[in-house]
Amino acid sequence: MALQLGDDAPNFTADTTEGTITLYDYLGDSWGILFSHPRDFTPVCTTELGAVAKLKDEFDKRNTKVLAVSVDPVDSHSEWSQDIKDVTGSSPNYPIIGDPDRKVADLYGMIHPNANDTLTVRSVFVIGPDKKIKLTLTYPASTGRNFDEVLRVLDSLQLTAKHQVATPSDWRPGQDVIITTAVSDEDAAQRFPGYTTVKPYLRTTPQPTG
Ligand code: BEZ
């Protein structure tokens with residue numbers, strides 16, 4: 001069965017462009033993003049891997065380690081890095097797993113045979129410090145991902161892991177958030193003084209800090 005939210009992220013050891021990595025050791029206490037791309041030396045993938053490299057500081061700020069994977073071998077990833085730099089101005093500054101035997105791809109269900117039976121689709125798994133799956137995204141080969149959205153989701157996941165709040169559609173850090181329905185009005189008054197009741201089930205408050 002496909003991996004679902006709340007499942008344990010399967011651990012693995014794999015060769016990468018930065019040496020052999022065991023997922024859980026690599027992540028330590030950090031958050032993690034494991035993302036697949038279909039194939040090296042392809043146009044959309046080239047733009048994506050450069051886009052992720054440009055966001056390295058943003059992932060670092062969020063205590064999040066990034067790891068890419070495709071079914072190509074490590075040598076191919078390393079050779080392709082120069083093209084990624086030529087095209088996007090940034091070469092990958094995170095490990096890329098070589099997965100020619102599809103070990104990681106199969107563990108994470110990254111090959112969708114009815115889309116393509118040999119290449120990985122564009123999967124994103126956000127893994128929490130507890131090694132549970134917090135988010136999954138699946139895009140087809142023809143559509144490059146928006147990694148600003150991945151950062152936005154990370155901000156929401158990290159905020160909602162700490163506070164009893166949820167984030168509304170299109171929320172951006174600094175904007176008001178929603179008090180979860182698990183919090184009674186009485187508790188809400190204590191924890192979020194001056195909160196706003198839009199509907200009895202929709203109460204908003206400035207984003208908590210800390
Ligand atoms: C691409 O990155 O452009 C791509 C990769 C595999 C299949 C189709 C497109």
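**Reading salt bridges and burial**

Arg122 and Glu48 form a salt bridge whose closest N and O atoms are 2.8 Å apart.

User: What counts as a salt bridge, and how many does the structure hold?

Analyst: The term denotes a side-chain nitrogen of Lys or Arg within 4 Å of a carboxyl oxygen of Asp or Glu. The structure holds eleven of them. This is a predicted model, in which local features need pLDDT of at least 70 and side-chain atom pairs count only at pLDDT 80 or more, while totals for chains, interfaces and linings use all residues. Residues are numbered from 1 along each chain as its sequence is written, and side-chain values use heavy atoms, with hydrogens and water left out.

User: Are Arg122 and Glu48 buried or exposed?

Analyst: Buried means under 20% relative accessible area, exposed over 50%, and partly exposed in between (1.4 Å probe, protein chains only). Arg122 counts as buried because its relative accessibility is 2%, and Glu48 is likewise buried at 2%.

User: Where do Arg39 and Asp72 lie in the chain?

Analyst: Arg39 forms a salt bridge with Asp72, with the closest N and O atoms 3.4 Å apart. Arg39 lies in the loop between strand E3 (31-36) and helix H2 (43-54), and Asp72 in the loop between strand E4 (64-70) and H4, 33 residues apart. Helices (H or I, at least four residues) and strands (E, at least two) are DSSP runs, numbered from the N terminus. Asp72 is buried at 8%, whereas Arg39 is partly exposed at 37%.

User: Which helix holds both Glu149 and Arg152?

Analyst: Both lie in helix H6 (residues 147-162), three residues apart, about one turn of the helix.
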